[in-house]
Amino acid sequence: MTRTKVQRQTPATHVDDVERMFGARRNQPAAEAPPMTIRVTGGSRRTDDDWTVPKKLVAEAVSGKLVVDFTRARCSRREIDIQVDSGAGAIVLIVPRGWRVDMDGVTPGNGTVANRVKLPRFPGAPLIRVTGQVDTGVVKARYAYRSPLPWMRRSR
């Protein structure tokens, strides 16, 4: 079937129809989401399942252990801000190789701040900026441990 000249000049769908079907345009800034808060008052808590990383994260450990694992997290951001507050607890950040952690904004009281993430940052990989305070607890950033099994199998 052939189309007439008027049909060829008229678009099949209008931009307004597409916006109504799929929502607003992508280049409009999204509303600022509230920060995600993870709190431990005793015991231990771990975020190791599939989870989406927000722009701002608040991690508090009054006593106990809080492990924030980024190895299986979905992250589409270049920079992540983490506010830590460790009383007598421990906060451990586990990142994949290629990510970078900046812990210059953490003020240690009588506690310990340890950054074991030393490898250079991959292009496009996230940078985690950690700020906050440590009273008598520990804030540590490290890579995920690797299993020694592949290394042992290689030696055969």
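1. Two strands are taken to pair if DSSP finds at least two bridges between them, and strands (E, at least two residues), like helices (H or I, at least four residues), are DSSP runs numbered from the N terminus. On that basis, D102 stands opposite R129 in β9, and seven bridges join β7 to strand β9 (residues 127–134), the two running parallel.

2. The model is a predicted one, in which local features need pLDDT of at least 70 and side-chain atom pairs count only at pLDDT 80 or more, whereas totals for chains, interfaces and linings use all residues. Residues are numbered from 1 along each chain as its sequence is written, and side-chain values use heavy atoms, with hydrogens and water left out.

3. The open sheet is formed by five strands with parallel pairing, in the order β1-β3-β5-β9-β7. Its edge strands, each pairing on one side only, are β1 (36–40) and β7 (100–108). From one strand to the next the twist averages 15°, with axes being lines fitted to C-alpha atoms and angles running from 0 to 180 degrees between N-to-C directions.

4. T47 lies in strand β2 (residues 44–47) and is buried, its relative accessible area being 12%; buried means under 20%, exposed over 50% and partly exposed in between, with a 1.4 Å probe and protein chains only. Leaving aside neighbours within four places in sequence, T47 is in contact with I38, V67, V68 and D69, where contact means heavy atoms within 4.5 Å.

5. L149, by contrast, is partly exposed, with a relative accessible area of 45%, and has its place in helix α3 (residues 149–154).
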